[in-house]
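The sequence and the structure are shown first.

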Amino acid sequence: MLFLGCIKEVSDYELVISLPNGLSGFVPVTQISDAYSKMLTKQVAQGELLEDLNSLQDIYSLGTLVRCIVTGIEKSADGRRRIKLSIDPKKVNKGLNASALASGMLLSGFVSSVEDHGYLIDVGVSGTHAFLPRQKAQNYIKATKKGSDLKIGQSLNCVIMEVKNNGRVVCLSIDRSEVAASLATERQNWTLSNLLPGLVVKARVQKVTPLGIKVSFLSSFTGIVDFMHLDPEKSTSYSPDQVIKACILSVHPTSKVVRLTLRKAFLHPGGSPNQLSNDRIGAVVEESTVKVFDKQFGAVFELDDGTLAFARIKHLSKTRKSIKPGMFKAGCKHKCRIIDYSLMDEMCIVSLKYQIIEARFLQYQDIHTGDVVQGKVVALKSIGMQVKVTDGIKGLVPSLHLADVILKQPEKKYNIGDEVRCRVLECNPEGKKLILTLKKSLVQSKLPVLSSYEDAEPGLITHGFVVCAREFGCIVKFYNDVKGLVPKNELSSEPISCPDKVFHEGQVVKVMVLKCEPQQERLLLSFRLSSRAAPEDEKECVPKKKPEVKYQIGEMVDVKVLRRKDKGLEVSILEDERNVIAWIPTVHLSDFVVNCKLLWHCLQEGDVLPRVMCLSDKGEHVILSRKSAVISAVQEEQVVRSFSEIQPGMLLAGYVRNVMPFGVFVEFPFGVTGLAPKVSMSDKFVTDTKDHFVVGQTVIAKVMNIDEEKQRVLLNLKVSECSSSDSAAESFARLNQYFKEMKEIRNLLRRREEPSIARSLSELMPGQELQLVVQDVKEDGSAQFGGSCVTGLTVTATRYHLGGKNIVPGEKVKALVLHVDVLTSRVYVSLRKELLKQK
């Protein structure tokens with residue numbers, strides 16, 4: 001499809017093009033012209049910069065109109081689609097041939113060569129040599145003020161002045177007045193196969209509708225001018241048979257639908273549409289008035305200052321289904337936010353979505369160095385991790401900044417889709433560059449952010465990170481690439497002979513500014529914050545001594561719940577005068593994944609949990625577990641305490657540490673870990689590993705192979721391979737443990753929930769028969785029930801479990817309990833006869 005577009009952004013590798021109807025696309029640097037691509041290839045082959053090769057910024061200006069053709073739709077990693085374009089004249093003008101060229105035609109061309117008397121222009125027509133005399137280019141060169149010559153790869157609007165040898169040679173002009181006066185006529189023999197966007201024509205109005213007008217032009221062509229491209233000053237004054245000037249916006253290759261514009265900025269070739277101040281983007285308009293609504297495209301609004309704005313259909317509401325045409329009748333008022341500006345429509349682009357109106361960040365300009373932002377992991381690469389902050393804003397977390405320590409295998413810590421909290425190290429809106437850090441010490445720091453040398457006043461104390469440790473001292477980096485030197489004598493109150501043995505790259509440190517010379521970008525720092533703070537400095541700047549171990553792995557303790565947190569319980573160990581605080585991760589509350597969430601939900605501050613096992617001996621933070629299978633394995637010495645004890649064929653109880661696309665990592669007590677590859681995970685064929693295991697799940701694993709050199713253990717999780725000789729007794733023991741925990745949960749529920757709800761939840765059991773009353777039958781065939789035995793609960797049966805019965809509200813029925821979801825207070829039942837008979 002051919003479009004007339006307007007250059008919106010220019011970067012080193014692409015042009016961003018504004019297209020009609022609020023769309024935008026991009027032109028890769030390889031889709032400019034043949035001559036420019038050849039020079040790029042030559043530069044890459046030689047490995048050095050060519051003098052004749054100008055950057056895109058040198059040859060393209062914002063606001064320039066260009067003809068382009070759609071070459072494809074690209075889908076990014078986060079699912080967003082981008083329109084890929086080309087402005088190469090061989091593709092844009094492919095419908096033209098030499099014999100079709102005529103005097104007065106307006107073509108797009110590119111400078112392919114600079115000659116003594118002028119320029120060779122690539123117009124993309126096979127067999128045609130186009131020449132631009134130097135005198136015909138002088139006025140244009142003076143007006144652009146970009147040197148004394150046109151540049152190779154530069155885009156030009158050209159008017160054919162003379163055609164020779166049946167189109168094999170044409171003479172061109174780019175004089176602005178001649179280009180602006182050009183008009184496509186019947187004499188030029190345009191056809192539907194070679195009609196080009198950007199041509200200005202005389203058109204006759206055929207029909208006027210609320211959503212636009214239908215016109216005829218060049219004798220045999222018809223086209224559409226939609227409501228967004230009427231002249232705002234004359235939008236209500238068009239009438240049939242009226243002759244008007246119009247510019248072709250797009251030509252569809254198969255349907256041959258031609259769309260045009262009547263906006264003044266496009267009626268003189270070589271012009272430029274009006275632009276909007278960047279200050280306006282991001283503004284929230286409390287009351288915008290609906291002017292026109294179209295259920296396929298969107299709506300046009302009038303903003304508080306009288307300017308027009310367009311909202312695409314997807315930006316009118318959260319979903320298409322929730323859009324009610326009555327809400328967008330002419331005159332209705334809505335709150336919206338300006339999210340962009342369409343150069344081709346000369347309109348603001350707005351959104352009525354609540355999450356966009358309330359969004360903290362809308363564009364890179366809204367983000368400042370030092371801001372703490374929430375993001376979602378979209379890709380893990382060798383250089384770091386890509387994080388999506390909003391739909392239009394992405395940032396990079398360099399490998400050094402993935403954690404307080406350098407991660408050798410970040411894929412074990414982060415998964416695609418994970419929510420992360422980052423801090424902005426650097427933001428460059430012009431280059432759309434956002435550098436983030438995940439180092440907790442920086443993200444959680446309450447100290448001032450040092451982002452410029454001017455802010456580095458002597459005495460300032462702040463956090464930074466080590467980028468270099470050498471014999472002379474340490475180089476510490478801050479935000480916006482500000483860095484300074486900590487000399488050897490300022491590293492500590494005690495002499496440090498080898499700084500590289502004490503400090504490491506990426507280490508977060510607290511420093512004090514001693515001296516700063518902003519003009520020279522010199523910064524002198526110290527780790528010795530003050531004589532009073534010296535002991536604290538030593539703790540941060542020299543390796544910490546491992547605290548004394550308080551509890552041994554396998555030791556059983558009783559604990560009291562102090563508080564519930566997102567991923568576990570903070571508890572205190574009873575009968576310990578030292579008031580030791582410990583941690584029970586949610587996934588370690590039970591062997592059964594479903595019970596873990598239930599127990600976390602039901603336990604309250606002050607509850608006592610007996611016989612919990614110490615799982616970690618790090619001493620800094622005691623980690624505990626209630627997994628009965630893991631506790632039994634430790635107590636019965638069916639564990640390995642080090643890698644050297646592992647033998648092929650062993651059956652070991654452990655828990656899933658991470659689920660990756662290629663397999664599952666399993667951790668055992670005492671810290672030994674192993675990998676169960678995808679092929680060894682299940683007796684069934686595994687398509688997606690996450691369908692089979694979750695993090696924290698208790699498993700029995702069989703050791704298959706050991707690589708002593710790489711310290712790797714390969715495991716098998718297939719049930720057929722991991723069954724012991726006494727598997728039946730073990731299975732009954734596990735089942736018994738499950739019912740014991742369910743009884744515990746019911747007792748906790750009685751105390752936690754409202755009395756009636758708690759009683760209902762605790763008394764209901766799968767397989768129990770109930771007398772219910774039908775409350776509602778929904779469109780999808782499911783039904784909801786009520787009754788005295790299920791007060792306060794939501795009772796549901798899917799269409800399948802209605803057993804073909806045609807029930808109506810108010811009818812009394814017998815139902816069998818299938819499942820009780822304690823977390824949501826939902827009960828799932830079945831009315832199927834075959835299940836009720838078994839009862």
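## The barrel and its strands

Two strands are taken to pair if DSSP finds at least two bridges between them. The model discussed here is predicted. In it, 5 strands close into a barrel in the order E16-E17-E18-E20-E19, with mixed pairing, and neighbouring strands of this sheet are turned by 50° against each other on average, direction ignored.

Strands E16 and E19 run antiparallel and are joined by 4 bridges.

## Aromatic pairs

A pair of aromatic rings is described by the distance of the centres and the angle of the planes. With ring centres required to lie within 6.5 Å, the count comes to 5 aromatic pairs. One of them is formed by Phe 293 and Phe 328, whose ring centres are 5.5 Å apart and whose planes meet at 15°; because planes under 30 degrees apart count as stacked, this pair is stacked. Phe 293 belongs to strand E16 (residues 284–294), whereas Phe 328 lies in the loop between strand E18 (308–312) and strand E19 (333–342), so that the pair links distant parts of the chain, 35 residues apart. Phe 328 has a relative accessible area of 3% and is therefore buried.

The rings of Phe 503 and Phe 527 form a tilted pair, with their centres 5.2 Å apart and their planes at 45°. Phe 503 is found in the loop between helix H8 (499–502) and strand E29 (508–517), and Phe 527 in the loop between strand E30 (522–526) and helix H9 (534–541), so the pair ties together parts that are 24 residues apart in sequence. Phe 503, at 2% relative accessibility, counts as buried, and Phe 527 is buried with a relative accessible area of 0%.

## Charges over rings

Aromatic rings also face charged side chains: the charged end of Arg 564 sits over the ring of Trp 600, 4.4 Å from its centre, while the charged end of Arg 832 sits over the ring of Tyr 800, 4.3 Å from its centre.

## An enclosed helix

How many of the 8 residues of helix H11 are buried? In H11 (residues 628–635) the number is 6, so the helix is largely enclosed by the rest of the structure. The buried residues are Ser 628, Ala 629, Val 630, Ile 631, Ala 633 and Val 634. Just after H11, Glu 637 takes a positive phi of about 60°.

How values were computed:
Residues numbered from 1 in each chain as written. Predicted model: local features only at pLDDT ≥ 70, side-chain atom pairs only at ≥ 80, totals over all residues. Heavy atoms only, no water. Phe/Tyr/Trp six-rings, centres within 6.5 Å; stacked < 30°, edge-to-face > 60°. Helix = DSSP H or I, 4+ residues; strand = E, 2+ residues; numbered from the N terminus. Buried < 20%, exposed > 50% of the residue type's maximum accessible area, 1.4 Å probe, protein only. Lys NZ or Arg CZ within 6 Å of the ring centre and 35° of its normal. Axes fitted to C-alpha atoms, helices over the stretch in contact; angles between N-to-C directions.
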